[in-house]
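The exercises below concern one protein structure. Work through each task before reading its solution.

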Amino acid sequence: MTAVIPGQERRMSLSEILRDLGDLSHESETLGALVGRFGRRAFGALLFVFAAPNLLPLPPGSSTFLGAPLMLFAPQLALGVKTPWMPQRLRDRRLEMSVLRGAFLKLIPWVEQVERVSRARLTFLFGPVGDRLIGLACTVLAFVLMLPLPLGNLLPAAAISLFALALIQRDGVLALAGYALTVVSLGVLALAAGVIHTLVTGAIGGF
């Protein structure tokens, strides 16, 4: 693995950091060290790291494992916190990178494509108010992500991933896509809730 000059990783792109984390030399990583790698882009990067793997086939229960950190970090963004906070016990917790390595390696080509075409635009969608709105949307999506719905994690994970990349790249087009997918995700959730309610009501009425 290429030696890294202190402070250099903060200037690396998200795809480069993911590639470094996917290196076999990284058997485990503390959550605190992971946050430190992303520097000022920590919120966007953390949202991506814990949301995007849900777009890939993962063992049962993975969405709950990955959704819990989202429920910690997304509300902080919604409240306007500048730097992600976590209790020291969580900061010192080691993540087994073997669990995420395969997902990172599959996601890197997609991230690189986004980085090539993305740029800072429609930046009025960010800032103190815009970032909080994104944080609020991601909080709602993180809650939906953790619900035990068949394939119910795909749309929320995709929306959070778009918001995450939007925050990192300051790309308003990605943010708008994230908002659009949020509306679709909530619509699908409402539809699923309606179907479940109808089935339960019908089952109860049959007795």
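**Exercise 1. How many helices and how many strands are there in the protein?**

Solution. Take helices as DSSP runs of H or I with at least four residues and strands as runs of E with at least two, numbered from the N terminus. The count gives nine helices and two strands. Read from the N terminus, their order is α-β-α-α-α-α-β-α-α-α-α.

The model is predicted: local features need pLDDT of at least 70 and side-chain atom pairs pLDDT 80 or more, while totals for chains, interfaces and linings use all residues. Residues are numbered from 1 along each chain as its sequence is written, and side-chain values use heavy atoms, without hydrogens and water.

**Exercise 2. State what share of the 207 residues is buried, and describe the accessible surface.**

Solution. Buried means under 20% relative accessible area, exposed over 50%, and partly exposed in between, with a 1.4 Å probe and protein chains only. By this rule 43% of the 207 residues are buried. The accessible surface, from the Shrake-Rupley method with a 1.4 Å probe, is about 11100 Å². Carbon and sulfur atoms hold 68% of that surface.

**Exercise 3. Find the aromatic pair and classify its geometry.**

Solution. Rings of Phe, Tyr and Trp (its six-membered ring) pair if their centres lie within 6.5 Å; planes under 30 degrees apart count as stacked, over 60 as edge-to-face and the rest as tilted. A search of the whole structure returns one pair. The ring centres of Phe163 and Tyr179 are 4.9 Å apart and the planes stand at 75 degrees, so the pair is edge-to-face. Phe163 lies in helix H8 (residues 154-169) and Tyr179 in helix H9 (residues 172-205), 16 residues apart. Phe163 is buried, at 0% relative accessibility, whereas Tyr179 is partly exposed at 24%.

**Exercise 4. Describe how helix H4 packs against helix H7.**

Solution. Axes are lines fitted to C-alpha atoms over the stretch in contact, and angles run from 0 to 180 degrees between N-to-C directions. For H4 (residues 62-78) and H7 (residues 127-145), the angle is about 155 degrees and the axes are 8 Å apart. Angles under 35 degrees count as roughly parallel, over 145 as roughly antiparallel, 65 to 115 as roughly perpendicular and the rest as oblique. H4 and H7 are therefore roughly antiparallel. Residues in contact (heavy atoms within 4.5 Å) include Gly67 and Leu70 of H4 and Gly135 and Cys138 of H7.
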